[in-house]
Amino acid sequence: MITAFVRTIILYFLIVVGMRLMGKRQVSQLQNSELVVTLLLSELAVLPIQEEEKSLWVSLAPMAALVACELLVAVLMLKSGRFRQLVCGSPT
């Protein structure tokens, strides 16, 4: 029981740090890729909390990879209008 509590607290702070690194805004202002990463981060955070026999690294390594990918996509969208159009599309 205490292990799940400690893991929850650790993952909470790591997700907050990851979201701050990605520069998240309000939910209504999220790009498609940002929304997908947010949902995937929440799914990955649940794994070590539910299954105490799994290591935190089972979840932390993919979470770090997702944050890095999102930062890369954000930089590419900033530099390339075509890439931004491909990822974001156009409003209808």
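Author: A nonpolar core is a set of buried Ala, Val, Leu, Ile, Met, Phe, Trp, Tyr and Cys residues joined through side-chain atoms within 4.5 Å. The model discussed here is a predicted one.

Reader: Which residues make up the largest nonpolar core?

Author: In soluble globular proteins, nonpolar side chains tend to be buried together. In this model the largest such core has 11 residues in all. Helices H1, H2 (32–50) and H3 each supply at least two residues of this core. Its members are Leu11, Met19, Val37, Leu41, Leu44, Ala45, Leu56, Leu60, Met63, Leu66 and Val67.

Reader: Is Ser59 buried or exposed?

Author: Ser59 sits in helix H3, which covers residues 57–79. Leaving aside residues up to four places away in sequence, Ser59 touches Leu44, Ala45 and Pro48, and two of these, Leu44 and Ala45, are listed in the largest nonpolar core. Because the relative accessible area of Ser59 is 0% and the cut-off for burial is under 20%, Ser59 counts as buried.

Reader: What share of the residues in the protein chain is buried?

Author: The accessible surface of the protein chain comes to about 6600 Å², and 69% of that surface belongs to carbon and sulfur atoms. Of the 92 residues in the protein chain, the share made up by buried residues is 26%.

Reader: How does Ile9 count, given its relative accessibility, and in which helix does Ile9 lie?

Author: Ile9 lies in helix H1, which runs over residues 2–22. Because its relative accessibility is 36%, a value between the cut-offs of 20% and 50%, Ile9 in helix H1 counts as partly exposed.

Reader: How many Å apart in space are Ile9 and Ile49, C-alpha to C-alpha?

Author: Along the sequence, Ile9 and Ile49 are 40 residues apart. For the chain as a whole, among contacts between residues at least 6 apart in sequence, 61% join residues at least 24 apart. From C-alpha to C-alpha, the separation of Ile9 and Ile49 in space is 10.0 Å.

Reader: Which arrangement do the rings of Tyr12 and Phe13 have?

Author: The structure holds one aromatic pair. The ring centres of Tyr12 and Phe13 are 5.3 Å apart and their planes meet at 75°, and since planes over 60 degrees apart fall in a named class, the angle decides the arrangement. Both residues are exposed, and the pair they form is edge-to-face.

Reader: What separates the C-alpha atoms of Ser42 and Phe13?

Author: Ser42 has its place in helix H2, and because its relative accessibility is 36%, Ser42 counts as partly exposed. Ser42 and Phe13 are 29 residues apart along the chain. Their C-alpha atoms are separated by 13 Å.

Reader: What separates the C-alpha atoms of Glu51 and Leu72?

Author: Glu51 is found in the loop between H2 and H3, and because its relative accessible area is 29%, Glu51 is partly exposed. Glu51 and Leu72 are 21 residues apart along the chain. The separation of their C-alpha atoms is 31 Å.

Terms used
Residues are numbered from 1 along each chain as its sequence is written. This is a predicted model: local features need pLDDT of at least 70, side-chain atom pairs count only at pLDDT 80 or more; totals for chains, interfaces and linings use all residues. Side-chain values use heavy atoms; hydrogens and water are left out. Helices (H or I, at least four residues) and strands (E, at least two) are DSSP runs, numbered from the N terminus. Buried means under 20% relative accessible area, exposed over 50%, partly exposed in between (1.4 Å probe, protein chains only). Contact means heavy atoms within 4.5 Å. Rings of Phe, Tyr and Trp (its six-membered ring) pair if their centres lie within 6.5 Å; planes under 30 degrees apart count as stacked, over 60 as edge-to-face and the rest as tilted. Accessible areas come from the Shrake-Rupley method with a 1.4 Å probe; for residues, only the protein chains shown count as cover.
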